[in-house]
Amino acid sequence: MFPELNSILNSTPDSFKSSDFILVSDRRADASFLIHHYLSFYLRAGCKVCFLGLVQSFSHYSAVGQRLGVSLAQAREKGQLVFLEGLKDSIGVLLQEDTSQETQPLSYLRTPGVGLEGLFRFVERSVRQSGDGDAGESWGPPVLLIDDLSVLLSLGVSVGAILDFTLYCQATVCSELQGNMVILVRCEEEDADDDEEGSNLLQRGLVHQCNLALHVEGLPTGYCRDIHGQIEVWWQQRGETINNQRKIFHFKVHDKGASFFARGTSSAVFFGLPSMLQRPYSLDVSAQLLRTQAFIEGRWVSAASTFPVLDPATGEEIAKVSDCGTKEAQDAVNAAYKAFHLWKNHTAKERSILLRKWFDLINQHKEDLAKLITAECGKPMKESIGEMTYSASFLEWFSEEARRVYGDIVAPPAKDRKILLLKQPVGVASIITPWNFPSAMITRKVGAALAVGCTVVVKPAEDTPLSALALAELSVQAGIPPGVFNVVPCSRGKTPAVGELLCTDPLVAKISFTGSTATGKVLLRHAAGTIKRVSMELGGHAPFIVFDSADVDKAVAGAMASKFRNAGQTCVCSNRFLVQSGIHDAFMEKLAKAMDAELKLGHGSEPTTTQGPLINTRAAEKVESQVADAVAQGAVIVRGGKRLDGSFMQPTLLSNVNTDMLCMREETFGPLIPVVKFNTEQEALVIANASPVGLAGYFYSRDISQIWRVAEQMEVGMVGVNEGLISATEASFGGVKQSGMGREGSKYGIDEYLEIKYMCLGGLSL
């Protein structure tokens, strides 16, 4: 009946068999012949089939099957076909709360966390357990015949193909269906409205897509918006991987809709249709760790107002947190100053024991703390778990360093005296931390401060206060005395006033800040009025140099690790990629393939996600503007390049980049790799050192002489040689130039919270 489509399907069964599921919609009785025409194809192709269509007699379908030369009864007896007669006629009804028709799959679907994936497992189990066929026989992917495509899209499934034969296909459409993902949808003409939504359905997110054939006619506005939104969300997770594999692309706009066709090379192309931004993500953590009030002098304190904390992936509100102002900040400073005179008199051993207890509690609650990070920061759970390990390590390290704060006895110039150099805590420290490591940036500072006897007031970033407040709860459980550790969260609107107070109050002796260079300069001006001790870890713009002598595979792995951790939102991630001409093309090819294979956009709580959202839409807009600027000046997009919904940005690789482009002059803080080709070592060093900041730098080389030359000449505080991940508790962390002052971590980090007092003991009769 449709020879073009039939020919295509019969010529490519392997692409279907490599998919996870093949779905067919049977919404209309007059489509029964078509359904079973292609049902017979799937059976002949060796696929497993489960039927969940309209409630009709199996004998009717068997009769249709016989006309097509396939015995559905034999397939059923063999275990290749399962016809679940006892189920309701729509997956939408299946998932309702009505329990009047309890069946095994219905109760299974209602199990928390099961959903449609549970149904698929039930289908697979049913296929395997039905019939007495050869136990060793290997079927292709299950084929699930289902009723409601819109419900399917809203739930998210893993499928190979969807064929909705509500549409009587046009021959011109069929001839283009070369992909192994097919969606055919049609509404009656009278159901359509005149809104432009229908004709614009595919223009925004789908035009750039994948091995996909989609034909839409006469859809009403709401349905258009629903399907468009769902598939565009799926594309956010898939990124550019499939887009870069496509070979042929067609897009047509009709009076009543649009058609989009792309022919690609990927099999199982529609691997997962996660409705990421549509389904809710609950924050399942211990209630005692989900704190929303300020923590001052050991008490949970409410402010006059609150501000929302949002999930950056969905934009949904996670919690409302007390919006502290200068009053609460002043109370916290007063409490810290009062507690300082008691805390500094604790012995080093006593402080060490309490920090160790705090470390143990963080490890006990690591998973819940990681969930908080993912919820408010957006990073994938695997990275959040890693941050909590890193965060806890600073409390462990400084609990040990607390007992190793040594002074000196210096040989005097005269016989009647002794010279002693004592180390004492500076006093109250204001700790102002960023959102990208909402736990580790606190413990790296606070661990050192508390170890030597200082007390602290923490102002976490307005985007990520929940992690700081959870740490406060665990500090109580660890036995840290009231007033030693205080947390004052506040909104973006109140941040300038609160920050100014924490930097100008005369009771504050020390400021430690991690954030942008611009903000650091503002805080330095505030601190100048009372000449406070200051340590700052500010912006970076790290070069990543790959020399001809490098191991290209290791360089690619290092680039992936350095650039795409936390979607490029780390102060030490590589920003400017310099690749020598001899290996430039090989590096670009391998890096592009690695991005295709390893990067998957999605909500951080999804186990397969490797790239979460950027922290907010402003961050995504910045990356988007840098890409646009580079392209306008001649750069070529090799991968990605597209701004997606919300704060998602495709991981992007640019070639033909020059040093005049914005991405080479400003820190990106996003998933963008701009690559500059260079010829000589000196040329690379000139470009690398041309930045006013110097936090971290990376290079790959197997020439030992070159390694020494380049490492010593790079104007940065930290150098990664043949390594893309360099942060470690034991190593000093900090930069040069406008990347800040002071060091954190290591044995040197503790010195930032100590004053050296010279004591001359004279009048001795020796």
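**Strand β25 and the cores**

Me: What makes strand β25 largely enclosed by the rest of the structure?

Reply: This is a predicted model. Buried means under 20% relative accessible area. In strand β25 (residues 672-678), 6 of the 7 residues are buried, so the strand is largely enclosed by the rest of the structure.

Me: How do you know that β22 pairs with β25?

Reply: Pairing needs at least two bridges. Strand β22 (residues 574-580) has 4 bridges to β25, so the two count as paired. They run parallel. V579 stands opposite K677 in β25.

Me: Why is β24 called a partner of β25?

Reply: The cut-off is again at least two bridges. Strand β24 (residues 652-655) is joined to β25 by 3 bridges, so this pair qualifies. These strands run parallel. T652 has L672 of β25 as its bridge partner.

Me: Which residues have the most contacts inside the largest nonpolar core?

Reply: W358 and L450 do, in a core of 92 residues. Helix α16 (residues 440-452) gives the most to this core, with 9 residues.

Me: How do you know where this core lies relative to domain 2 and domain 3?

Reply: Domain 2 (294-537) and domain 3 (542-737) both give residues to this core, so it lies between them.

Me: What does W358 contact, leaving aside its neighbours within four places in sequence?

Reply: Contact means heavy atoms within 4.5 Å. The partners of W358 include L395, V446, L450, L471 and F485.

Me: Which residues does the second core include?

Reply: That separate core has 31 residues, among them A550, V579, A592 and V675.

Technical notes
Residues numbered from 1 in each chain as written. Predicted model: local features only at pLDDT ≥ 70, side-chain atom pairs only at ≥ 80, totals over all residues. Heavy atoms only, no water. Buried < 20%, exposed > 50% of the residue type's maximum accessible area, 1.4 Å probe, protein only. Core = buried A, V, L, I, M, F, W, Y, C linked by side-chain atoms within 4.5 Å. Domains from an automatic or database assignment.
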